[in-house]
Amino acid sequence: MRNPLSAFLSLFLFFLSSPSARAQTPTASPGVSSAPANHSTDESYAKEPYVYDLVQTAARFEPDGKGYRDLVVRVRIQSESAVHGFGLLAYSFSSKFESLEVVYARVRKPDGTVIETPPSDVQELDSAVSREAPMYTDEREKHIAIKSLTVGDVLEAHLHWTIREPIAPGHFWFDYSYFHAGICLKEILEIDVPRSLGVKLRNSDPQPSVREEGERRLYTFQTSNLKKPEESKIPDWEKNYHGIAPPDIQISSFSSWDEVGRWFGTLVQPKATVTPEIRAKADELIKGKTTEDEKLHAIYDFVSARYRYIGVDLGLSRYTPHSAADVLANRYGDCKDKHTLFAALLQAVAIPAHPVLISSKFRIDPSFPSPSLFDHVITAIPRGDSYLILDTTPEVAPFGLLSANLRDRQALVIPTAGPARLVATPADPPFASFQHFSIDSSLDGSGTLDGKIRIELRGDAELGFRLAFRSTPQNRWQELTQNIVAGMGFGGTVSDVSASQPEDTAQPFSVSCSYHRTDFSDWKNHRITLPTPPVLIASLTEEQKLSKDALPLGAPSEVIHEATLKLPPDFSAAAPQSVNRKTDFAEFSANYSFKNSVLHGTVHLKTLLREVPGDKRHDFSSLATTINDTENRYILVSGKFPDANNFPADLLRLGGGGIPEEAIASFENFLAANPENRMVMLLLSQAYVRAGRPKDAVAMLEKALGESPEDIGGIYLALGNAYLAVPDADKAMVSYQKALGDDPKPAFLNTIAYSLAEANVHLKEALEYSTRAVSSLSEETMDISPDSAEPSDYALMLQLAANWDTLGWIKFRLGDFPAAEKYLEASWRLMQSAETGEHLIEVYEGLGQKGKAAEICHLANAALGHDPSPDNNLRQKLTEQMTRLRPFLKSSSPAGSNSARRTLPDAYAALTDTRSMSIPLRTKLRGQSGRATFVISLLNGPKVDEVIFLSGSEELRAVIPALSSAKYSLSFPDDTSTRILLKANLNCSIYSKECLLFISTVAEAAASSLPIQLNLTPQ
């Protein structure tokens, strides 16, 4: 089964561009037009590489199954690419059953000159299929080297197939699909059949005209294709999950599926005769086996693994198999041969087995009996009123496992006695499917990772691994494993590879290896990712999200990725928050822990249904976003990096905004042991203020300044904050002015301005400070070189967003709501800070825009939920606002719904959706998936200034133009020249025509570069 799409005598017209016809055998027709070409040019198609003026096919069938087909084409050649594409034509035919005549092939020049291609330039050759398997096909090809073809010519060709001997005497069938690959001004199909036969016809639009002439009935179809079809936004993996739709037009002389089965059965059953050699081999195989199941398993394993499969589609490889005795001796066979041997061996031990016709590509219309779309033969074992369906062709498939494109398909079972009938093949594998990945690893201080990887698989992925290892010599398994782990996103090297024997299908397949990677992840920037492969889940296009059809997931399965990573002594990692999502169709979790220098993480995805209900597509999209978001997170690491600040990570987390009383004791104890540590003093000062003890902060800071009056570490700034909380605004201003000095830095200006705005005092000074800070930072952003961006450049984006928030908040305090909206909205879109969101809520309420206020409140609550140490005051404020604004929040109930229960949209999904977008995939991936990291630079407009490829799958560099033309949901609050620098991860899969671009928040992008801040005031 080399090609899923197969049919007997397919017409390959001009390689890449042709209408397609599939028939019992090619045909010919009367009355085919051969009028001269008109060289007048339709300017609307002048840029097309070629234009078909005419494609005319006529097929005629006789009651005995004989017939003929004609094909006439006229095509205008308008480019050099078309000259190359049409310069050599190839047409196939089955030499045993038919003949092919090239009536003419000629070029008509613009001046009317006609140049014929002589018969000597037509060669008859073996087809690619017949060269690979000469004993299994009679397919031949005629190759026509077109003489004197140039741009501006019209190419004309006429071909005639004659059926000398019908494949199924007394029967015929024919399939045809219209040409949609380019421009075709006129396409005509005429089918001529005996009127006396009950010929079945199924067709899509356009409908045919029907006329009867004597004993003949003629169907005529006419259409055109005047524009290139729009590329479907529904990817093939969804659209064709249950098989490709049948061809546009089909005819068949078979009256029922039983009649199809009886015809094929007469070809197969005589070949499954039990000879002495077959019986002897069967007795040998079942020796010691007592039950029918044991015998069945033994014979299945023998035929499946010990007999080489010749992958030629049914039809192309004829319909009559070799005898079972011949296959036994040859030790190879195609699908029908392997079935015949399998059935004969089973018959020898009194186990009945029946042939099954199935299509690996097309959906079968149960109302239209025809063998044309069947391309594979498998085996059915009776089990009461049903069947056990087995396929021996994959060679290493576990017993009962059908490949995914054969599951849940209509198949024709052909019993020895009784009528043939369509049955549905099993929808699921015969066992629970899973993919388990584990790595036990360690990192040294230089960022070199060493570990042991183990992969264990059951199901579809298992079959792929078994086939790969079976087809690879064992001395090259290390090379194969290296390619596999590289495809999973691992950039290191493997060694000490061991794997299950591919033929041992009774147990799951496993691979183990040692893994070594220098400069692991982003170690140099003090952050890492969990060393696990990505969980592949499709990202939906906008059209898919809007569809109400059920979304296929495939057989329920379980994916578990587990990693253990031991860090060097004196290093610690901030374990990410756990993620848990449960839906009716799937469950996802990601759990992390850090203990005794060991980071442990487990990612788990379990699908529960074969398909997502149509009304749950939004939930699926949300889940996909959550998974991508989770896997793109970095894990921050602290420790004795060269020139690193070794501030204790656990104390830093205490100062991040949790319950201040819990932090004060720890800070006091640490400061008592380390009285010179100004950082802890600043954190303790902030904790005192947040706990309502500003006078304690004043006393501590005044004492420190008395002992050392230099403003080391921003003591004056912290003292100003403490006085502001007393409250004593005048003393606070004195301390602030000392903190600013003669050359104030933007960070100090912003922090002081924000503190004054929060206290709602000295707003004139606050506006001046904030305006200066924003201007300075905007100017600084213009000095960034995107192609050599440093970590500090991303940190600058965090500062810019915080400064916009401050300036917007000050303008709100001053009553300038429209200006406040511009700055706060720009900050929110860039940073998605809950604090900024709360400010924006108040602005929208001030403007009377309750709906917008409710929407931002919903998202800000979600943003606060992602904060590992949220401000309880802020949480309380947002909760109160949500209670007040909930009536203004749009529900996700359908328009016109009478439901009394309003469902709120998923805020977490909406929040991440604002940072994710679909990007067209215009390049071919080297593996099943591809990932890359990009830097995207935007200037006022906003407009994309530059896109830089940082790392990842090299083929994704080709996506840069699409990233450059994409529209990003960011805004600039004023006309000041400013640059926004984004870091984004692009995730692509072969299962989707679009990639998912996930933009890191500025906090995530800057996390590895931010020093421990002197200013810890929430921004």
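View 1. Cys995 is a buried residue, with a relative accessible area of 1%; here buried means under 20% relative accessible area, exposed means over 50%, and partly exposed lies in between (1.4 Å probe, protein chains only). The sulfur atoms of Cys988 and Cys995 lie 2.0 Å apart and form a disulfide, a term used for a pair of cysteine sulfur atoms within 2.5 Å. A disulfide is a covalent bond between the sulfur atoms of two cysteines. The link of Cys988 and Cys995 is right-handed, with 110° about the S-S bond. How many disulfides does a search of the whole structure find? The search finds one.

This is a predicted model, in which local features need pLDDT of at least 70 and side-chain atom pairs count only at pLDDT 80 or more, while totals for chains, interfaces and linings use all residues. Residues are numbered from 1 along each chain as its sequence is written, and side-chain values use heavy atoms, with hydrogens and water left out.

**View 2. Two further cysteines.** Cys335 is buried, with a relative accessible area of 1%. Cys513 also counts as buried, at 4% relative accessibility.

**View 3. Asp793, a buried acidic residue.** Look for Asp793 in helix α21, which covers residues 791-813; helices are DSSP runs (H or I, at least four residues) and strands are runs of E (at least two), both numbered from the N terminus. Asp793 is buried yet has no salt bridge, that is, a side-chain nitrogen of Lys or Arg within 4 Å of a carboxyl oxygen of Asp or Glu. Which side chain of opposite charge is nearest to Asp793? That is Arg979, 8.5 Å away; Lys and Arg count as positive and Asp and Glu as negative, while His and the chain ends are not counted. Leaving aside residues up to four places away in sequence, Asp793 touches Ile784, Ser788 and Leu981, where contact means heavy atoms within 4.5 Å.

**View 4. Strand β4 beside strand β8.** Strand β4 spans residues 88-94 and is mostly covered, with six of its seven residues buried. Its pairing with strand β8 (residues 139-145) is antiparallel and runs over seven bridges; two strands pair if DSSP finds at least two bridges between them. Within this pair, Leu89 stands opposite Ile144 in β8.

**View 5. Stepping back to the whole protein.** The protein has 28 helices and 40 strands. Of its 1019 residues, 54% are buried.
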